[in-house]
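Please keep the sequence and the model at hand while reading.

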Amino acid sequence: MTATAESRPVADASRVLRDHLWMHFTNHNGRDETEAPVIVRGEGAYLFDASGKRYLDGLAGLFAVQVGHGRAELAQAAAKQMMELSYFPLWGYGHPPAIELADRLAASAPGDLNRVFFTVSGGESVETAWKLARQYFKLAGEPTKHKVISRSMAYHGTSLGALSITGIPSAKAPFEPLVPSTQRVPNTNFYRATEHTDDYDAYGLWAADRIEEAILFEGPETVAAVFLEPVQNTGGCFVPPPGYFQRVREICDRHNVLLVSDEVICAFGRLGYAFGAQRFGYQPDIITTAKGLTSGYAPLGAVLISDKLMEPFQRQDVPFMHGSTYGGNPVGCAVALANLDIMENEDLYGHVRANEDLFRATLEKLADLPIVGEVRGAGYFWAVELVKDKSTRERFTPEESTRVLRDHISKELFANGLHCRTDDRAEPVIQFAPPLICDHTQFTEIEQILRTVLTGATKLL
C-alpha cells in the first residue's frame with residue numbers, strides 16, 4: 001500500500017521532493033546535498049515547515065495571500081461550491097459564482113471597465129489582454145496594430161506571448177525566438193536615473209515620453225498596446241513619479257493605443273486600493289489580475305475590459321477566439337467572492353493605507369547599514385536595494401551578488417525565519433509583500449531579522 005502524504009515520514013517526503021518534484025524557477029544543481037524545505041501549514045501571517053519551525057511570510061506566498069493563511073471562511077466557501085457545482089466551463093454558458101463575481105469586479109473597477117474575462121493565472125491574463133488587443137483592432141478596421149510596448153526589466157508572465165512582453169533578458173533567452181513585435185522603454189527607477197537626476201517629476205515625464213518615442217519609431221499604425229505595472233515588481237518596486245501615468249494616458253489617446261494596467265500583483269489591496277490604477281489616478285483600457293483575487297486559495301485570474309473593446313464583438317458576428325478549460329472555475333469564483341468579503345468586512349484596504357507609512361519607516365531604520373542603498377515602494381509592497389558603497393551607489397559585481405545575495409542573504413533570511421524575495425536580475429534587492437493583515441508586530445520582526453542578516457552580509461564585502 002502506498003503511503004499517503006499524511007502518513008509519509010518527513011525524511012521520505014524530502015526525498016520524494018528531491019527526486020521527483022520539479023520545482024518552479026529553481027536551480028536543482030546540488031539538491032542531492034541540500035534538502036529543500038517542506039512547508040506544511042500556514043496560520044495568519046506565518047508558515048510552518050515539516051519540523052514545526054515558524055516563518056514570517058513576508059511575501060504573502062508569492063504576492064498573493066492578502067487575507068493571511070488558514071482562513072476557514074475560504075475553505076468553507078470552496079467546499080460549499082464543490083457540493084453545488086464543482087466545475088462547468090464558461091464556453092457559451094454562465095454559472096452563479098462567475099456572474100456574481102463579474103458584477104462585483106465591474107462595480108469596483110475604475111471607469112467603464114464593465115466586462116470581465118476570467119482566466120486561471122496572471123500570465124494567462126496578460127496573454128488574454130494581448131490577444132484581445134490584436135483581435136479588437138482587426139475588427140475595428142486597423143489590422144496592422146499588433147505590437148506591444150513594455151518597460152525594461154518588467155515581468156509579465158511565462159507563456160510565450162507574456163514572456164515576449166516581459167523585459168527581463170535572462171528570463172527570455174532560453175526560449176528565444178519569441179513572439180515578435182514587442183519593444184522596451186525605460187522604467188521608473190529614479191535611484192539609478194541618468195536623466196533629470198535632481199528632479200523627480202521631470203524624470204517621470206521624461207520616462208513617459210520615451211513611450212511616445214517608441215510608438216513613433218515603430219509607427220502608430222502598428223502599435224496596439226502599452227503594458228505597465230502600477231508599481232513595477234522586477235528591479236525592486238519602482239513607483240511611478242507624479243504625472244507619469246497621466247502623461248502615458250495622453251500619449252495612448254493621441255496614438256489610439258490601448259493602456260493595459262498589469263495588476264497581477266498590485267490589485268486587491270496590495271497598494272491600499274482595489275486597483276493600482278485608482279491609487280495613481282489613471283484610467284486603463286484593460287486591467288489584468290490574478291494572485292490576490294483569491295488570496296492564493298484557488299487559481300483564478302480576471303481581465304477587466306472597457307466597453308469600447310467589447311463594442312465590435314457585439315456589433316459583428318464574431319467571438320473572441322480565446323478561452324481555457326478552467327477560466328472562471330465555479331470553485332475559484334466562490335473563493336474569490338468570500339475573499340473579497342473578508343477584505344471588505346475587515347477594511348484591509350484601509351488597514352494598508354493606515355499602516356504603509358509605518359512599514360516604510362520601520363524598513364528605513366536599516367538606512368544606518370552601509371549595505372542599504374534605498375528603501376522604496378508603496379502600500380504593502382516594498383524593496384530594499386543593496387549597494388557596495390552607499391555614498392557612490394556602487395553596484396555589486398556579479399561574483400559579489402552571487403556570493404553575498406544568493407549564497408548568504410537569501411539562505412540566512414530563511415534560516416532566521418523570514419520568507420521574502422531576493423533578486424538580482426537588475427540590482428540586488430530584497431522584496432516584501434506580506435499579508436494585508438500584518439501590522440507593526442510583523443514590520444518590527446522583518447526589520448530585526450533583516451538587520452541581523454545584513455550586518456553579517458556587510459562583512460562579506
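In which helix does E445 lie? E445 belongs to helix α15, which covers residues 440–460; helices here are DSSP runs of H or I with at least four residues, strands are runs of E with at least two, and both are numbered from the N terminus. E445 counts as buried because its relative accessibility is 19%, where buried means under 20% relative accessible area, exposed over 50% and partly exposed in between, using a 1.4 Å probe and protein chains only. Once neighbours within four places in sequence are left aside, E445 is in contact with Y46, R54 and L56, a contact being heavy atoms within 4.5 Å.

I251 sits in helix α9, residues 244–254, and is buried, with 0% relative accessibility. Not counting residues up to four places away in sequence, I251 touches A208, D209, I211, E212 and I215. Between I251 and E385 there are 134 residues in sequence and 31 Å in space, taken from C-alpha to C-alpha.

## Basis of the model

The model is a predicted one, in which local features need pLDDT of at least 70 and side-chain atom pairs count only at pLDDT 80 or more, while totals for chains, interfaces and linings use all residues. Residues are numbered from 1 along each chain as its sequence is written, and side-chain values use heavy atoms, with hydrogens and water left out.

## Overall fold

The chain contains 15 helices and 15 strands, and its C-alpha trace spans about 60 × 60 × 45 Å along the principal axes.

Of the 461 residues, 53% are buried, and among contacts with a separation of 6 or more, 71% are between residues 24 or more positions apart.

## Cysteines

A search of the whole structure finds zero disulfides, a disulfide being a pair of cysteine sulfur atoms within 2.5 Å. For C252, the closest cysteine sulfur is that of C266, and the 18 Å between the two sulfurs is too far for a bond. C252 is buried, with a relative accessible area of 1%, and C333 is likewise buried, with a relative accessible area of 0%.
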